[in-house]
Amino acid sequence: MQTNTEHGIGEGVSAGTGDAAPRHGFRPAERLIDLANAVRAAPDLPRAALVELLVRHGESPDELTEQAFSERDAGELRGAAAQMAELLTEADTDRAALALNALLAACGARPRLSRHDGHPWHLHVDRGDDAGWADWFLASSALALAQILTEHGRVSWGECAASGCTTLYLGTGPGSARRYCSSACATRERVAAHRRRKKAGK
């Protein structure tokens, strides 16, 4: 691949937004959450859907042609997204840190600044422009989570605690650790808990 693009950590989002508008700048943590949730929901997510997600997160459509991003590349990227999804369910900070170190050792390289395709300078941690899409995704995602873990001193991501919801979320804002992927899930759980207490009090 030619444009292994990544940038600094963006503000946290709970899950994939599903909108079609491309985002400005590169936010690897948001890209990670969107791809991980998409592949978790559809393990055989078509190549075209992966292309759409990558374009939404700043990748150039010219770099995602069938020749540049083949079915094999798509399969490897799905596998990488599934691997990261598993890591995103790890609640223990020490185990998460060790897993991130292992990923960076396997897929990363010396950090370097790159500028191409009219984009501003941004950080690359993959093994070069010839690195595969899966290695690029694993390296940039591991770095994104490592920066978040370093900043907060703990795991601030996970799987939604709401009953029946398995959406992965990323919490990078201030305050206590979050447990739900969205305010809707949090509200639903509070209402359910209130009803259980009310019923138990009868």
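1. Let's start with L54. Setting aside residues up to four places away in sequence, L54 touches R31, L35, E59, L64, F69, L77, W133 and W136, where contact stands for heavy atoms within 4.5 Å. Please keep in mind that this is a predicted model, in which local features need pLDDT of at least 70, side-chain atom pairs count only at pLDDT 80 or more, and totals for chains, interfaces and linings use all residues. Residues are numbered from 1 along each chain as its sequence is written, and side-chain values use heavy atoms, with hydrogens and water left out.

2. L54 also belongs to the largest nonpolar core, which has 43 residues; L54, F69, L88, F137, L145 and W157 are those with the most contacts inside it. A nonpolar core here is a set of buried Ala, Val, Leu, Ile, Met, Phe, Trp, Tyr and Cys residues joined through side-chain atoms within 4.5 Å. Buried means under 20% relative accessible area, exposed means over 50%, and partly exposed lies in between (1.4 Å probe, protein chains only). At least two residues of this core come from each of α1 (28–41), α2 (47–56), α3, α4, α5 and β4 (168–170). The largest share, 12 residues, is supplied by α5. A second, separate core of 8 residues includes A162, Y169, Y180 and C185. In soluble globular proteins, nonpolar side chains tend to be buried together.

3. Now the overall layout. The protein has 6 helices and 4 strands, and from the N terminus on its elements run α-α-α-α-β-β-α-β-β-α. Helices (H or I, at least four residues) and strands (E, at least two) are DSSP runs, numbered from the N terminus. Of the 202 residues, 44% count as buried. Among contacts with a separation of 6 or more, 57% are between residues 24 or more positions apart. The protein exposes about 10600 Å², with carbon and sulfur atoms supplying 51% of it; the areas come from the Shrake-Rupley method with a 1.4 Å probe, and for residues only the protein chains shown count as cover.

4. Helix α1 is mostly covered, with 12 of its 14 residues buried. Those buried residues are P28, A29, E30, R31, L32, I33, D34, L35, A36, N37, A38 and V39, and they pack against α2, α3, α5 and β4. The end C-alpha atoms of α1 are 20 Å apart, in agreement with the 20 Å that its 14 residues should span at 1.5 Å a residue; the expected span is 1.5 Å times one less than the number of residues.

5. Helix α3 has 17 residues and reaches 25 Å from its first C-alpha to its last, close to the expected 24 Å. Its buried residues are D73, A74, L77, R78, A80, A81, M84, A85 and L87. They pack against α1, α2, α4, α5, β3 and β4.

6. D73 deserves a look of its own. This α3 residue is buried, with a relative accessible area of 15%. Its side chain reaches the backbone nitrogen of S70 at 2.9 Å, a polar contact (a pair of N or O atoms within 3.5 Å; within protein, one must be able to donate a hydrogen and the other to accept it, and residues adjacent in sequence count only if both atoms are side-chain atoms). Leaving aside neighbours within four places in sequence, D73 is in contact with A68 and W133. The C-alpha atoms of D73 and W133 are separated by 6.3 Å, although the two are 60 residues apart along the chain.

7. How are the residues of α4 arranged around its axis? The buried residues of α4 are A96, L100, L103 and C107. Seen down the axis, they fall within an arc of 60°, so they line one face of the helix; the arc is that of the directions from the helix axis to the C-beta atoms. They pack against α3 (71–87), α5 (133–152) and β3 (157–159). The face turned away from the buried side carries the exposed residues D94, R95, L98, N101 and A105.

8. The C-alpha atoms of A97 and T150 are separated by 9.3 Å.

9. Finally, a loop residue. R115 is found between β1 (112–114) and β2 (122–124) and is exposed, with a relative accessible area of 52%. Not counting residues up to four places away in sequence, R115 touches P120, W121 and H122.
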